[in-house]
Amino acid sequence: MAAAAPAAPPAAASAAAASSEAPAATAAGEPDAGHEDHREVRVLQSLRGKICEAKNLLPYLGPNKMRDCFCTINLDQEEVYRTQVVEKSLSPFFSEEFYFEIPRAFQYLSFYVYDKNVLQRDLRIGKVAIKKEDLCNHSGKETWFSLQPVDSNSEVQGKVHLELKLNELITENGTVCQQLVVHIKACHGLPLINGQSCDPYATVSLVGPSRNDQKKTKVKKKTSNPQFNEIFYFEVTRSSSYTRKSQFQVEEEDIEKLEIRIDLWNNGNLVQDIFLGELKVPVNVLRSDSSHQAWYLLQPRDNGNKSSKTDDLGSLRLNICYTEDYVLPSEYYGPLKTLLLKSPDVQPISASAAYIFGEICRDKNDAVLPLVRLLLHHDKLVLFATAVAELDLKDTQDANTIFRGNSLATRCLDEMMKIVGGHYLKVTLKPIIDEICESSKSCEIDPIKLKEGDNVENNKDAPTIRTLTLISKTIQTLGSWGSLSKSKSSFKETFMCEFFKMFQEEGYIIAVKKFLDEISSTETKESSGTSEPVHLKEGEMHKRAQGRTRIGKKNFKKRWFCLTSRELTYHKQPGSKDAIYTIPVKNILAVEKLEESSFNKKNMFQVIHTEKPLYVQANNCVEANEWIDVLCRVSRCNQNRLSSYHPSAYINGSWLCCQETSENAVGCKPCTAGVPADIQIDIDEDRETERIYSLFTLSLLKLQKMEEACGTIAVYQGPQKEPDDYSKFVIEDSVTTFKTIQQIKSIIEKLDEPHEKYRKKRSSSAKYGSKENPIGKTS
């Protein structure tokens with residue numbers, strides 16, 4: 001039964017309107033030829049991988065040579081992920097997997113290795129910086145990277161909007177000179193300093209062989225996107241014989257050797273100013289025009305550190321997979337989705353499009369995730385997984401090896417359980433996992449992994465991740481309850497045999513057997529009538545005071561946020577049962593980004609509900625994007641969702657965005673579309689189909705070889721003379737498989753056309769030197 005419609009908030013009472021669901025596509029075919037689709041193509045970036053380990057880090061010079069290390073992931077200079085601290089090691093083993101959506105443009109993906117310092121600022125030992133354009137070279141494979149030195153003069157981020165003009169002047173004595181006009185307009189995307197927006201200013205210099213004239217802008221407070229709008233004048237002396245034709249061959253000052261240099265700094269007040277980046281523009285850009293205007297990327301300062309030794313800093317092993325997908329409107333994907341969704345019904349299953357896709361992709365894990373999501377979205381996964389599992393059983397020679405390999409069937413089941421079993425794991429395991437992580441107790445029993453001076457009986461300093469690993473081993477062995485009486489030689493690790501004797505009690509064995517029988521049973525149990533709320537996300541963020549009292553009205557306070565399927569709450573600290581404030585999910589009317597100018601803070605968003613909007617600042621752009629996304633998903637079916645909102649805050653009697661004085665004024669900007677209306681359990685089928693298309697295009701060579709193998713098998717009916725040509729493919733019915741491959745190739749070719757059209761449009765629309773395509777950006 002639908003929930004009662006909540007009252008609209010005062011700030012947008014007249015703007016409330018129910019969100020209309022996007023109409024479903026009426027046909028699975030492609031758009032008509034020549035049809036201009038005005039909907040935007042979604043450009044979606046994601047990053048997944050693993051921070052494996054570091055080795056040979058520089059030791060301390062003193063007697064205690066060990067370090068307490070952690071690693072961070074940075075988009076340019078913004079930290080978006082941090083590992084746990086590994087104590088007392090020069091070869092820390094992190095073994096942490098990561099996945100997140102990237103919500104903004106970036107130039108470099110960087111990994112920093114830190115030494116944790118309790119009393120002072122953490123020390124950066126070294127870094128791995130990879131250009132966005134080079135990420136594809138490392139996709140899907142583990143690589144050792146040498147750590148590079150961290151130089152403050154090379155840690156830059158952001159861009160500058162600059163205009164240059166050259167005016168002609170005649171002095172009182174008749175001398176002709178040129179006046180160079182430098183207009184520094186604005187900067188965008190400067191880094192945070194110690195987690196806060198910086199206080200930037202710029203120095204503007206005219207540099208040449210015999211001069212270095214420098215001027216300075218005013219300091220802009222607490223902003224990463226300062227608007228300077230300051231003009232500076234520099235006189236360039238000329239000889240009396242100056243003519244327009246010879247303006248670049250004058251004797252007194254060669255304009256070819258002059259350049260404008262812009263240096264960006266963060267004003268440190270009582271401490272040293274921090275370098276933010278520089279750019280150099282030769283004055284001869286005005287050779288063919290008296291005016292030049294463009295956006296420039298800030299560049300690191302060249303201070304001669306390139307020749308310094310870097311081999312001694314150590315190295316870092318990483319697994320990185322970066323993807324950038326151009327998701328077209330839904331109707332373009334109709335034919336490919338239809339072909340893939342027919343897969344469970346194809347006989348034999350090895351001739352289906354989904355199975356062929358899994359066979360030809362270089363990285364099987366890349367292939368399985370979008371395939372599983374798409375099939376799960378359309379209730380086809382169980383049928384497909386059953387068919388490929390039967391194929392595995394058919395080829396199994398030894399019963400002990402059933403589903404032990406990395407086959408398509410086992411990978412599909414693995415990914416499916418990650419998607420549908422997440423809530424179950426959180427409900428059953430989260431409380432005890434939280435208790436383990438907060439505890440300092442150790443369970444280390446492997447003699448090889450004991451630290452110096454420790455022993456099995458008295459060990460209180462092992463990392464939590466090792467404790468969780470040993471618990472996992474114990475649970476796995478309990479799962480194999482029939483092997484509890486096996487000899488010491490039956491255990492993979494001999495130390496587990498002695499340890500496991502603690503659990504060789506009949507009660508444990510019976511309990512585990514009962515649990516396994518229950519979860520593998522096909523019988524449906526009656527519901528208890530009450531369902532627990534699903535835990536969706538939690539984390540620490542800053543929120544603006546709600547204004548319930550005059551004191552502290554504009555303060556931002558650190559709070560622990562928790563979102564379930566029923567409510568959004570925040571608490572003073574993690575684990576606190578009593579919420580300071582609660583917003584029922586059914587009362588959420590919109591979740592939108594908040595402009596930085598509202599409070600001079602980055603990564604802000606607003607939760608608009610039936611009371612005053614809640615303004616929240618996340619710790620980074622990735623975290624802000626994740627909170628907005630999950631809040632939109634959980635509230636997208638709410639009644640009375642707003643159709644418009646205010647992108648800025650209501651401060652000092654007016655909305656900063658539209659200057660309306662009434663707090664109840666209608667929103668001045670349409671609400672964002674948010675996630676597509678047909679997403680279930682976080683599945684965006686258009687995006688998953690686009691990912692499959694991209695992987696097909698990367699694997700066309702292998703698809704071609706499989707097609708040739710089908711032709712060879714169909715034509716040549718005798719014994720295989722050269723099995724290496726196609727023995728690596730599973731081809732049970734060469735004719736059916738050949739037809740499926742032909743269909744795949746045809747669909748991919750048709751999808752290539754709108755993608756190529758979009759790429760051309762994108763490259764031509766962003767002029768070099770524009771804000772979207774600044775000078776200095778790698779093509």
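Guide: Let us start with a charge over a ring. The term applies if NZ of Lys or CZ of Arg is within 6 Å of the ring centre and within 35 degrees of the ring normal. Keep in mind that this is a predicted model.

Visitor: What makes Lys-216 a case of a charge over the ring of Tyr-201?

Guide: The charged end of Lys-216 is 4.5 Å from the centre of that ring. The limit is 6 Å. Lys-216 sits over the ring of Tyr-201. Lys-215 lies over the face of Phe-234, at 4.8 Å from the ring centre.

Visitor: Why is the pair of Trp-265 and Phe-275 called edge-to-face?

Guide: A search of the whole structure finds 15 aromatic pairs. In this one the ring centres are 5.5 Å apart and the planes stand at 75°, so the pair is edge-to-face. The label needs centres within 6.5 Å and planes over 60 degrees apart. Trp-265 lies in strand E13 and Phe-275 in strand E14, so the pair ties together parts 10 residues apart in sequence. Both Trp-265 and Phe-275 are buried.

Visitor: Are Lys-337 and Glu-685 buried or exposed?

Guide: Buried means under 20% relative accessible area. Lys-337 has 12%, so Lys-337 counts as buried. Glu-685 has 8%, so Glu-685 is buried too.

Visitor: Why is Lys-418 called exposed, and what is Glu-415 called?

Guide: Lys-418 is at 53% relative accessibility, so Lys-418 counts as exposed. The line is drawn at over 50%. Glu-415 has 12%, so Glu-415 is buried. The two side chains meet in a salt bridge of 3.9 Å, N to O. Both lie in helix H5, three residues apart, about one turn of the helix.

Visitor: What makes Arg-82 and Glu-79 partly exposed?

Guide: Arg-82 is at 40%, so Arg-82 counts as partly exposed. Glu-79 is at 27%, so Glu-79 gets that label as well. Their closest N and O atoms are 3.0 Å apart, in a salt bridge.

Visitor: Which residues have the most contacts inside the largest nonpolar core?

Guide: Phe-357, Phe-384, Phe-696, Ile-744 and Leu-751 do, in a core of 50 residues. The largest share, seven residues, comes from H3.

Visitor: Why is Phe-515 called partly exposed?

Guide: Phe-515 is at 38% relative accessibility, so Phe-515 counts as partly exposed. Phe-515 is found in helix H9. A nonpolar surface patch of about 510 Å² includes Phe-515. Patch members need over 30%. Helix H6 gives the most to the patch, with five residues.

Key: Residues numbered from 1 in each chain as written. Predicted model: local features only at pLDDT ≥ 70, side-chain atom pairs only at ≥ 80, totals over all residues. Heavy atoms only, no water. Patch = residues over 30% accessible without salt bridge, like charges linked within 9 Å, V, L, I, M, F, W, Y side chains within 5 Å. Areas by Shrake-Rupley, 256 points an atom, 1.4 Å probe, with all protein chains shown as cover. Salt bridge = Lys/Arg side-chain N within 4 Å of Asp/Glu carboxyl O. Helix = DSSP H or I, 4+ residues; strand = E, 2+ residues; numbered from the N terminus. Buried < 20%, exposed > 50% of the residue type's maximum accessible area, 1.4 Å probe, protein only. Phe/Tyr/Trp six-rings, centres within 6.5 Å; stacked < 30°, edge-to-face > 60°. Core = buried A, V, L, I, M, F, W, Y, C linked by side-chain atoms within 4.5 Å.
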